[in-house]
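Please look over the sequence and the model before reading on.

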Amino acid sequence: MHSDFVETIFFHARNAPNNPAISTLGTIVSYRMLAQGILRVEEKIRASGLKQGDTAGILVNYPIGHFAIICALHRLGIASVSIYPDQIASLNEILVDAVLADEQAPDVPVRTVKVDDSWFKSGSGELPLRASDVRPSPDDVARYVLSSGTTGQAKVISLTFRSVQERLESYACRLASPGWERLVCIPSLNTNYGYCFAITSVWLGKMVCFAGYQFARQAVILYQAHVLVSSTQQIAGMVRDQEENYMPLDSLRAVHIGGSVSYAPLIARIRLLICTTLLCGYGSTEAGTVAFAPALRLQGFDNAVGITTPWVRVEVVDENKRPIARGSEGEVRISAYGQGHRYRRVTDSEAEIERGEWFYPGDRGILYKNGMLVILGRLNDIINRGGVKIAPETIEEFAKTLGGIRDAAAVGVLSPLGIEQVWLGIGVDPAVDIEMPTLYAAFREKMPNTVPDRIHVVHEIPRNTLGKIVRRDLQRLLAEVELTTTGTAGMSLSDQDVKGSGSRS
């Protein structure tokens with residue numbers, strides 16, 4: 001018999017029915033209300049013809065309703081996958097039996113089941129909090145997560161009922177200190193990050209509030225939240241908002257961030273403007289939380305992401321996949337408690353799940369003897385400029401220290417001669433007049449080996465839902481800007497001051 005978070009919600013509904021369980025800005029649902037909503041959704045799902053062993057997509061914008069559907073599907077032994085409208089094409093990669101949608105979903109390749117308010121409300125009184133009569137195998141798939149990482153290539157990760165339970169335990173450990181009751185979660189339920197923090201919060205009997213980063217400060221103040229969860233990119237947006245219009249967030253006891261390496265300047269601003277207790281994490285959809293630590297523990301370790309957790313094995317290997325000594329640089333690989341596995345659709349009626357022991361996230365890193373993990377960059381993002389290998393993260397973090405630059409992303413672009421150039425896209429504050437010769441001069445003075453061949457101002461750096469740079473989209477964007485401003489794409493110029501006029505796109 002397996003424990004799961006939905007049955008624990010029903011336990012909380014019996015013991016503390018009026019305690020808050022889940023909320024959005026201005027709406028709170030208690031554990032009793034959430035349990036009743038799950039039961040009513042369960043009835044609707046049964047009536048739709050979905051059954052144990054099926055897979056259902058969820059295209060529901062309202063976070064509370066979306067969460068109730070996830071819970072009901074889990075109780076019925078039906079695998080769920082949350083999608084955005086622009087991810088509908090990804091359903092072709094999954095054997096989905098139906099999509100539950102609260103509005104007309106265009107071009108859905110499978111049957112659509114309409115979700116409306118009647119799914120969550122009823123005039124027939126309360127339903128008994130009965131135990132589920134479905135007993136899925138721990139190795140059955142409970143959840144699919146669409147993940148693109150930094151490659152821009154959509155992939156599907158499967159989580160079994162066993163994996164979901166194991167992630168609950170690991171995230172509960174991550175949230176163990178300091179004490180808290182109310183959590184504001186910026187990442188959505190469509191992401192592994194948001195999903196895991198949400199189900200862990202209700203498993204622990206706490207309250208989780210979903211709010212985009214534009215409204216996260218208001219949610220913290222409204223609910224006097226103790227914990228804030230954010231991706232690195234989302235918290236950077238909150239920092240900018242705090243700098244422009246400061247709001248005291250005195251109720252916060254801790255902030256959890258993840259998604260990419262957090263560098264010293266951003267960490268200092270988070271601790272100054274949002275909360276002094278900051279916990280940095282590193283993980284993935286496949287592996288869950290791999291490493292985390294208080295930000296103060298990372299001081300003195302450039303690119304450090306945390307101490308590896310006791311529920312994972314982390315190794316650094318050479319190009320032949322052989323483990324190398326602690327303190328040496330190589331490719332990171334992970335074997336995790338609660339590990340998810342790559343799912344591939346083979347035919348119209350068959351799929352396969354890759355269940356290898358090791359997961360390779362594509363990161364270069366160093367693992368020290370004390371368990372500290374340092375991530376130096378992506379293996380497939382390394383720019384090879386005429387034999388000089390450059391990590392784009394090095395360029396990006398230096399660019400963001402220069403005045404007026406709020407965001408930056410670097411990528412390699414082949415010149416007509418086949419030599420990879422460094423192109424840099426920057427987002428600037430509207431009131432700032434960027435002088436390109438000054439930027440190039442700053443690189444030449446401080447970072448002479450990484451001076452970009454091109455710098456272009458762009459309206460927005462392309463990122464995925466967790467704020468990771470989608471470098472393939474960045475390449476296309478910068479090529480378009482180059483063509484617009486010069487009429488030629490990929491020219492090779494020796495004097496960078498001639499290029500990078502700062503055109504906006």
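Which residue of β19 is the bridge partner of R345? The section on the end of the sheet gives the reply.

## Overall form

The model is predicted. The protein contains 11 helices and 26 strands. Along the principal axes, its C-alpha atoms fill a box of roughly 75 × 55 × 50 Å. A compact globule of 505 residues would have a radius of gyration near 23 Å, and the 24 Å of this protein agrees with that.

Of the 505 residues, 57% count as buried. The protein exposes about 21300 Å², of which carbon and sulfur atoms supply 51%. Taking contacts between residues at least 6 apart in sequence, 65% join residues that are at least 24 apart.

## The open sheet

Eight strands make up an open sheet with mixed pairing, in the order β6-β5-β3-β4-β7-β8-β18-β19. Strands β6 (112-114) and β19 (351-353) stand at its edges; each has a single partner strand, so one side of each is left without a neighbour in the sheet. From one strand to the next, the twist averages 30°.

Within this sheet, β3 (residues 55-59) and β5 (residues 98-101) run parallel and are joined by four bridges.

Strand β18 (residues 341-345) pairs with β8 (residues 155-160) in the antiparallel sense, over three bridges. There, I157 has R342 of β18 as its bridge partner.

β18 is also joined to β19 by three bridges, and these two strands run antiparallel. They form a hairpin, with five residues between them. The bridge partner of R345 in β19 is A351, which answers the opening question. β19 is an edge strand of the sheet, with a single partner strand.

## Nonpolar cores

How many residues does the largest nonpolar core have? It has 61, and those with the most contacts inside it are F5, I9, I38, I45, F67, L100 and L183. For F67, leaving aside neighbours within four places in sequence, the residues in contact are F5, I9, I22, L34, L189, A198, I199 and V202.

Technical notes
Residues numbered from 1 in each chain as written. Predicted model: local features only at pLDDT ≥ 70, side-chain atom pairs only at ≥ 80, totals over all residues. Heavy atoms only, no water. Pairing = 2+ DSSP bridges. Axes fitted to C-alpha atoms, helices over the stretch in contact; angles between N-to-C directions. Core = buried A, V, L, I, M, F, W, Y, C linked by side-chain atoms within 4.5 Å. Buried < 20%, exposed > 50% of the residue type's maximum accessible area, 1.4 Å probe, protein only. Contact = heavy atoms within 4.5 Å. Rg over C-alpha atoms; globule rule 2.2 N^0.38 Å. Areas by Shrake-Rupley, 256 points an atom, 1.4 Å probe, with all protein chains shown as cover.
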